[in-house]
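Please read this report with the sequence and the model side by side. It goes from the whole chain to single residues.

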Amino acid sequence: MSGEEKALQLDDRPLVVGIGGTIGGISSTERALRIALDAAGEQGFRTRLFGGADMAKFPLYDPKAPGRTAEEQEFVDAVRGASALIIASPGYHGSISGVVKNALDLLEETARDAERTYLADMPVGLIATAYGWQATGSTIAALRSIVHALRGWPTPFAAAINSAITKFDAEGGANDPAVVEQLRMVGKQVARFAPLARG
């Protein structure tokens, strides 16, 4: 098999898209998301992350806009081609951040898709990070509600991370191995359920 054929074969692997982070640098939310995506990648999936720097380029969603920017279109196309999603949000005032909500609002572009409307039947893993436990619970609940509204399937396990306790490092780890395993479970679950969604 030639190198080009091998590359094409790799491109045919199912895709898991990660959405999450904050504006202003790589955050604990984005680092947590990377751990979950890496776990999905170990199960044979391609992964694509839209972090804070990517979402910062999206204009405020206007449903009546005559067109979409190249960055917006790349994001929507990636979600259209995905077999599963992982969404990670910081808990801002008890709910998801504006930048994550704006990205999810952009999925209205898929409302009239013939092949799959919104996130219909897609497994979606959820992660919330917050400086304290209260906001992690309410943020996970908000994410579940949004995914249900978009016709997706939140996976059974969601990772709630108290960033006052858990510290992530630039090497892809954290000071609490149990938290790393929880994040890996999110990635493994979307990988496990994605083949069911494609069936």
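This is a predicted model: local features need pLDDT of at least 70, side-chain atom pairs count only at pLDDT 80 or more; totals for chains, interfaces and linings use all residues.

Residues are numbered from 1 along each chain as its sequence is written, and side-chain values use heavy atoms, with hydrogens and water left out.

## The whole chain

The protein has seven helices and five strands. Both are DSSP runs: helices are H or I with at least four residues, strands are E with at least two, and numbering starts from the N terminus. From that end, the order of elements is α-β-α-β-α-α-β-α-β-α-β-α. The radius of gyration is 16 Å, close to the 16 Å that the globule rule gives for 199 residues, so the protein is as compact as a globular protein of that length. That radius is taken over C-alpha atoms, and the globule rule is 2.2 Å times the number of residues to the power 0.38. Along the principal axes, the C-alpha atoms fill a box of roughly 45 × 45 × 30 Å.

Of the 199 residues, 49% are buried. Buried means under 20% relative accessible area, exposed means over 50%, and partly exposed lies in between (1.4 Å probe, protein chains only). The accessible surface comes to about 9,800 Å². Carbon and sulfur atoms hold 53% of that surface. The areas come from the Shrake-Rupley method with a 1.4 Å probe; for residues, only the protein chains shown count as cover.

Contacts are heavy atoms within 4.5 Å. Among contacts with a separation of 6 or more, 74% join residues 24 or more positions apart.

## Helix H5

Helix H5 spans residues 98–105. Which of its residues are buried? They are Val99, Val100, Asn102, Ala103 and Leu104. These buried residues pack against strand S1 (15–20) and strand S3 (84–90). They also pack against helix H3 (52–55), helix H4 (70–80) and helix H6 (133–149).

## Charges and salt bridges

The protein carries 20 positive and 23 negative side chains. Lys and Arg count as positive, Asp and Glu as negative; His and the chain ends are not counted. The centres of the two sets lie 4 Å apart. Each charge is placed at NZ of Lys, CZ of Arg, CG of Asp or CD of Glu.

Side chains of opposite charge can pair when their charged atoms come close. How many salt bridges does a search of the whole structure find? It finds nine. A salt bridge here is a side-chain nitrogen of Lys or Arg within 4 Å of a carboxyl oxygen of Asp or Glu. The table gives some of them.

| Pair | N to O distance |
|---|---|
| Glu42 and Arg184 | 2.7 Å |
| Arg80 and Asp77 | 3.6 Å |
| Lys101 and Asp105 | 2.6 Å |

Glu42 lies in helix H2 (residues 28–42) and Arg184 in helix H7 (residues 177–198), so their pair ties together parts that are 142 residues apart in sequence. Glu42 is exposed, at 51% relative accessibility. Arg184 is buried, at 17%.

Arg80 and Asp77 both sit in helix H4, three residues apart, about one turn of the helix. Arg80 is partly exposed at 35% relative accessibility, and Asp77 is partly exposed at 40%.

Lys101 and Asp105 are four residues apart in helix H5, so about one helical turn separates them. Lys101 is partly exposed at 33% relative accessibility. Asp105 is partly exposed too, at 28%. Elsewhere, salt bridges that share partners join Glu42, Glu181 and Arg184 into one network.

## Single residues

Most residues other than glycine have a negative phi. Tyr118 has a positive phi of about 55°, although it is not a glycine. Tyr118 is in the loop between H5 and strand S4 (123–130). Its relative accessibility is 15%, so Tyr118 counts as buried.

Asp121 has a positive phi of about 65° and is not a glycine. Its place is in the loop between H5 and S4. At 47% relative accessibility, Asp121 is partly exposed.

Glu74 is in helix H4. It is partly exposed, at 41% relative accessibility. Leaving out residues up to four places away in sequence, Glu74 touches Arg48 and Phe50. Glu74 and Gly125 are 51 residues apart in sequence, and their C-alpha atoms are 21 Å apart in space.
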